[in-house]
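User: I am new to this structure and would like to learn how to read its features. Please take them one at a time.

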Amino acid sequence: MRSSMKLQEKLHENTSFMPGRSRLLSTIRLPEFDGHPSTPVRKYREWKKDIETVKILNKLTNEELALTLFSQVTGRTQELLECFEIADVRSDQGLALIWRTLDDAFEQMEHERRIASSPEGSVEE
């Protein structure tokens, strides 16, 4: 938790937000989603809708939401995103990059994930 706070501080001090905006961003708490491999698609889609709702309610830009997501996710979701540099996340395509990565990991139905993770790409009968 402490490392997450430090990461948020680092992200916000290097941004060009309006004064006071960083304070607002540091108070936003996104719904939790750890991205366990057995997570149902429905749960992921509900979480994604909740994130979009937070974006609208707080009038976040794509960059602000991308930075907030990047700094607050946990578990497997964090592991999927940790390969990105902050510059990637802050870019014009940063939020799209995050969603594409997460969609690739969680938009498949459970049986599709089993097939994709099997050695030969098919489930044994």
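Analyst: Start with contact, which means heavy atoms within 4.5 Å. The model here is predicted. As a case, take Thr68, which touches Ile28 and Leu30 when residues up to four places away in sequence are not counted.

User: Where is Thr68 found?

Analyst: Thr68 is found in helix α4.

User: Is Thr68 buried or exposed?

Analyst: The general idea is a cut-off: buried means under 20% relative accessible area. Thr68 has 1% relative accessibility, so Thr68 counts as buried.

User: How many residues of α4 are buried?

Analyst: In α4, 9 of its 11 residues are buried, which makes the helix mostly covered. Among the buried residues of α4 are Glu64, Leu65, Leu69, Phe70 and Gln72.

User: How do I read the packing of two helices, for instance at what angle α3 and α4 cross?

Analyst: Look at the angle between the axes and at how far apart the axes are. Helix α4 covers residues 62-72, and the axes of α3 and α4 cross at roughly 130° and come within 11 Å. Angles over 145 degrees count as roughly antiparallel and 65 to 115 as roughly perpendicular, while a value between those ranges counts as oblique. α3 and α4 are therefore oblique to each other. Their crossing is right-handed.

User: Which residues make the contact of α3 and α4?

Analyst: From α3 come Trp47, Ile51, Glu52 and Lys55, and from α4 come Asn62, Leu65 and Leu69. Sorted by class, the contact of α3 with α4 has 4 nonpolar, 1 polar and 2 charged residues.

User: What is the angle between α3 and α7?

Analyst: Helix α3 (residues 41-57) and helix α7 (residues 94-106) pack at about 165°, and their axes are 10 Å apart. The cut-off for roughly antiparallel is an angle over 145 degrees. α3 and α7 are therefore roughly antiparallel to each other. The crossing of α3 past α7 is right-handed.

User: Which residues of α3 and α7 meet?

Analyst: On the α3 side they are Val41, Tyr44, Trp47, Lys48, Ile51, Glu52 and Lys55, and on the α7 side Leu95, Trp99, Leu102, Asp103 and Phe106. By class, the contact of α3 with α7 comprises 8 nonpolar and 4 charged residues, with no polar ones.

User: Some of those residues have aromatic rings. How many aromatic pairs are there?

Analyst: Rings of Phe, Tyr and Trp pair if their centres lie within 6.5 Å. By this rule there are 6 aromatic pairs. One of them joins Phe33 and Tyr44, with 5.7 Å centre to centre and 50° between the planes, a tilted pair. It links distant parts of the chain, with Phe33 in the loop between α2 (21-27) and α3, and Tyr44 in helix α3, 11 residues apart.

User: Are Phe33 and Tyr44 buried or exposed?

Analyst: Phe33 counts as buried at 5% relative accessibility. Tyr44 is buried too, with a relative accessible area of 0%. Tyr44 also forms a tilted pair with Trp47, at 6.1 Å centre to centre and 35° between the planes. Tyr44 and Trp47 are 3 residues apart in helix α3, so about one helical turn separates them. Both Tyr44 and Trp47 are buried.

User: Which residues form the aromatic cluster?

Analyst: Phe33, Tyr44, Trp47, Trp99 and Phe106 form one aromatic cluster. Of these, Tyr44 and Trp47 in α3 also meet α7, where Trp99 and Phe106 take part in the contact.

Key: Residues are numbered from 1 along each chain as its sequence is written. This is a predicted model: local features need pLDDT of at least 70, side-chain atom pairs count only at pLDDT 80 or more; totals for chains, interfaces and linings use all residues. Side-chain values use heavy atoms; hydrogens and water are left out. Axes are lines fitted to C-alpha atoms, for helices over the stretch in contact, and angles run from 0 to 180 degrees between N-to-C directions. Helices (H or I, at least four residues) and strands (E, at least two) are DSSP runs, numbered from the N terminus. Angles under 35 degrees count as roughly parallel, over 145 as roughly antiparallel, 65 to 115 as roughly perpendicular and the rest as oblique. A crossing is left-handed if the near helix is turned anticlockwise from the far one by less than a right angle, and right-handed if clockwise. Ala, Val, Leu, Ile, Met, Phe, Trp, Tyr, Cys and Pro count as nonpolar, Asp, Glu, Lys and Arg as charged, and the others, Gly among them, as polar. Rings of Phe, Tyr and Trp (its six-membered ring) pair if their centres lie within 6.5 Å; planes under 30 degrees apart count as stacked, over 60 as edge-to-face and the rest as tilted. Buried means under 20% relative accessible area, exposed over 50%, partly exposed in between (1.4 Å probe, protein chains only).
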